[in-house]
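Q: Please take me through this structure, and tell me what stands behind each term you use.

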Amino acid sequence: MLEQNGGKIRYVVLDQGAMRHEMLQTRIVNDPDAVFVVPDVAFSEMAMKRNVLYTVRRSLSCLQAAVDRTYVSVSIKEIVEYEKESGNVIRFDQLLSGPGTRIGRGLIIGETSPDYKAIVQRLTETEQDHKALFDPRKDRDEMLSMPREFYPIVPK
């Protein structure tokens, strides 16, 4: 919980499981000051599914009643690029602003969002690229090939 303008703001970070949990609706209704944060990695997680658009819309649709309180965090890559280019450390409010939030809100709102058609087109165009980033078998094989001192909990 962080303080802003003298009042406490609750930041609720959501993964895909939390977005689909019935307790989220209770929180949205009963905690009107809560701010919901969808980490950029949640989109990567959803992009691995068979039908990406269906998965993203289904997961985000529960945030319809809190769309104005929902933000998508920027990625680590974006943070590093910003800090290299500007020479400054990224501010907290910058983590939750920008195109990720616009895209997330467009997906939450759906077809009535003016950005929805372009978002869906871009999501469709990049779907295979996202899927190629995550290959659990390849990742596991790479992890198993590492010296055990780096990953002592990996099974033999």
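A: From the N terminus on, the elements run β-β-β-α-α-β-α-α-β-α-α-α-α-α. This is a predicted model, where local features need pLDDT of at least 70, side-chain atom pairs count only at pLDDT 80 or more, and totals for chains, interfaces and linings use all residues. Residues are numbered from 1 along each chain as its sequence is written, and side-chain values use heavy atoms, with hydrogens and water left out.

Q: What makes a stretch a helix or a strand in the count for this protein?
A: Both are DSSP runs, numbered from the N terminus: helices are H or I over at least four residues, strands are E over at least two. The protein comes to nine helices and five strands.

Q: What makes β3 and β4 a pair?
A: Two strands pair if DSSP finds at least two bridges between them. β3 and β4 have three bridges, so they pair, in the parallel sense. Tyr11 stands opposite Val35 in β4.

Q: Which strand does β4 also join, and over how many bridges?
A: Three bridges join β4 (residues 35–38) to β5, and these strands run parallel. Phe36 has Thr70 of β5 as its bridge partner. Val38 stands opposite Val72 in β5.

Q: Why are β3 and β5 called edge strands?
A: The open sheet has three strands in the order β3-β4-β5, with parallel pairing. β3 (11–13) and β5 (70–72) each pair on one side only; that makes them the edge strands. The twist averages 30° from one strand to the next. Such angles are taken between N-to-C directions of axes, which are lines fitted to C-alpha atoms (for helices over the stretch in contact), and run from 0 to 180 degrees.

Q: Why does Thr55 count as buried?
A: Buried means under 20% relative accessible area, exposed over 50%, and partly exposed in between (1.4 Å probe, protein chains only). Thr55 has 7% relative accessibility, so Thr55 counts as buried. Thr55 is found in helix α4 (residues 52–60).

Q: Which residues is Thr55 in contact with, leaving aside neighbours within four places in sequence?
A: They are Gln16, Arg20, Met46 and Lys49. Contact means heavy atoms within 4.5 Å.

Q: Why is Val80 called partly exposed?
A: Val80 has 39% relative accessibility. That lies between the 20% and 50% limits, so Val80 is partly exposed. Val80 lies in helix α5 (residues 76–86).

Q: Which way do the residues of β4 point, and are they buried or exposed?
A: Val35 and Val37 point one way, Phe36 and Val38 the other way. All are buried. Of the 156 residues of the protein, 34% count as buried.

Q: What makes the largest pocket a pocket and not a cavity?
A: On a 1 Å grid over the protein atoms alone, a cavity is a set of points where a 1.4 Å probe fits but cannot get out; a pocket is an open set with protein on both sides within 12 Å along at least five of seven lines. About 860 Å³ of space lies in the largest pocket. Among its 30 lining residues, the closest to its centre are Asp40, Phe43, Ser44, Ile103 and His130. A lining residue has an atom within 4 Å of a point. Grid points are joined across faces, edges and corners, and the volume is the space filled by probe spheres set on them.

Q: Which helix supplies the largest share of that lining?
A: α8 does, with eight residues.
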